[in-house]
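This report covers helix packing, a metal site and some loop residues. Please look over the sequence and the model before reading on.

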Amino acid sequence: MPPVTLELQPLFTAVRQAAELCRRVQDAHLVSSDKEGQEPVTIADYGSQAIISRALRRAYPDDGILAEESGEQFVNLVPEDRRKTVVALLSDILGEAVRQTDVVAWLDHGQNRVTERLWVIDPIDGTKGFLALRSYVIAVGFMLNRQPVASVIGAPAHPSPGGMLFHSQSGVAYQQPLSGGLLKRIHVSERSEASGIRALESVEKSHTNHERMARVRAAAGLGDAALTRIDSMEKYARIAAGEAELYLRLPRLNSTRPFMIWDHAAGTALVQAAGGRVTDIDGSPLDFSEGRALRNKGIIVSNGRIHDRVIAAIGQVLTQEE
Ligand code: AMP
Ligand code: MG
């Protein structure tokens, strides 16, 4: 199949609009979560996905979409007053009269299609971070024959003023201020000396096992690495931009929860385009080939240079755990 060049401008606009919606929901203290018994989901998750799916429907009507939320969840789980709030926010931000039926149609658009071209949306990745006013991202990945090859990631809470917008395609990665401005090509860091390594991991203890990851860093000779905890795929963006060298994600020992494709597709495309490596814990590529979940044991994201020593260290730690 020939390489695909995507016009990503409609998605930059959509991700900026989605970020605006997320900020307004936070500013108006409208953040509360539903989807009981599972993961939190807020009205901003639905609003953000509606905006992005609407843009994809216009720009790429025949492509498939794999997205975290659905129209059915919106209608069945969100109380009517909050659905009305979403409709009002969307009307205001999009500058057109939006009805609830539009929102449902946008949320479901392109889902369950079997296509070579598949867009992967995580409308708010790091919802717990969003709820706690920490980091979160709006992530759109693009898979060709189930390989992540392009990405657009809006990071409204990135430390640069106003947040950052990351994107990649055709093996090249970029960042620019979320509010617009200078487009800059990004690359992973060239560091490989243990003394300079910066490591990232999730904030939430329920998502990963911090102790196992500390044991792996120690076994890799990276016990003194500067460690930062950040929510969401912003971790992938920090690796892609050369601001850290290692992002490790090891599940808790008793976890049966699979890794979801929308949590990793855009980040994987971004890091690979920036020259980094993303693999399972044994060094094999992540398998995005089927359904909504990956079938991996963990994730190593790195600048490439330190990857093999982390794989070896995980092997040692797993042996000790047996
Ligand atoms: P992070 O902030 O990097 O931990 O990633 C956020 C993502 O973690 C969310 O989008 C969820 O899909 C995922 N997540 C939520 N709950 C869990 C859990 N119990 N175990 C593993 N991952 C989770
Ligand atoms: Mg997510």
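Buried means under 20% relative accessible area, exposed over 50%, and partly exposed in between, with a 1.4 Å probe and protein chains only.

## Basis of the report

This is a predicted model: local features need pLDDT of at least 70, side-chain atom pairs count only at pLDDT 80 or more, and totals for chains, interfaces and linings use all residues. Residues are numbered from 1 along each chain as its sequence is written, chains are lettered from A and ligands numbered from 1 in the order in which they are written, and side-chain values use heavy atoms, with hydrogens and water left out.

## Helix α5 and its partners

Helices (H or I, at least four residues) and strands (E, at least two) are DSSP runs, numbered from the N terminus. Helix α5 spans residues 100-108, and its buried residues are D102, V103, V104, W106 and L107. They pack against α2, α3 (71-77) and α4. Contact here means heavy atoms within 4.5 Å.

The axes of α4 and α5 come within 9 Å and cross at roughly 85°. Axes are lines fitted to C-alpha atoms, for helices over the stretch in contact; angles run from 0 to 180 degrees between N-to-C directions. α4 is therefore roughly perpendicular to α5. Angles of 65 to 115 degrees get that label; under 35 is roughly parallel, over 145 roughly antiparallel, and the rest oblique. From α4, R83, V87, L90 and L94 meet Q100, V103 and W106 of α5. By class, this contact has five nonpolar, one polar and one charged residues. Ala, Val, Leu, Ile, Met, Phe, Trp, Tyr, Cys and Pro count as nonpolar, Asp, Glu, Lys and Arg as charged, and the others, Gly among them, as polar.

## Helix α2 against α4

Helix α2 (residues 43-59) and helix α4 (residues 80-94) have axes that come within 10 Å and cross at roughly 40°. The two are therefore oblique to each other. α2 contributes I43, G47, A50, I51 and R54 to the contact; α4 contributes R82, T85, V86, L90, I93 and L94. The residues divide into seven nonpolar, two polar and two charged.

## The magnesium site

Which residues hold the magnesium ion (ligand 2)? D122 (OD), D125 (OD) and D263 (OD) coordinate it, at 2.0 to 2.3 Å. Donors are N, O and S atoms within 2.8 Å of the metal (3.2 Å for Na, K and Ca); water is not among the atoms, so sites may look incomplete. The donor residues are spaced D-x2-D-x137-D in sequence.

Distant parts of the chain are linked here: D122 is in strand β2 (residues 117-125), while D263 is in the loop between β10 (246-249) and α9 (265-273), 141 residues apart. Both D122 and D263 are buried.

## Loops and positive phi

N112 sits in the loop between α5 and β2. Its phi is near 65°, a positive value in a residue other than glycine. N112 counts as exposed, at 79% relative accessibility. S170 is not a glycine either, yet has a positive phi of about 50°. It lies in the loop between β5 (164-169) and β6 (172-177). S170 is exposed, with a relative accessible area of 53%.

Is P156 buried or exposed? P156 is buried, with a relative accessible area of 11%. Its place is the loop between β4 (147-155) and β5. Beyond neighbours within four places in sequence, P156 contacts A19, R23, Y136, V137, I138, G162, G163 and L178. P156 and A19 are 137 residues apart in sequence but 6.3 Å apart in space, C-alpha to C-alpha.
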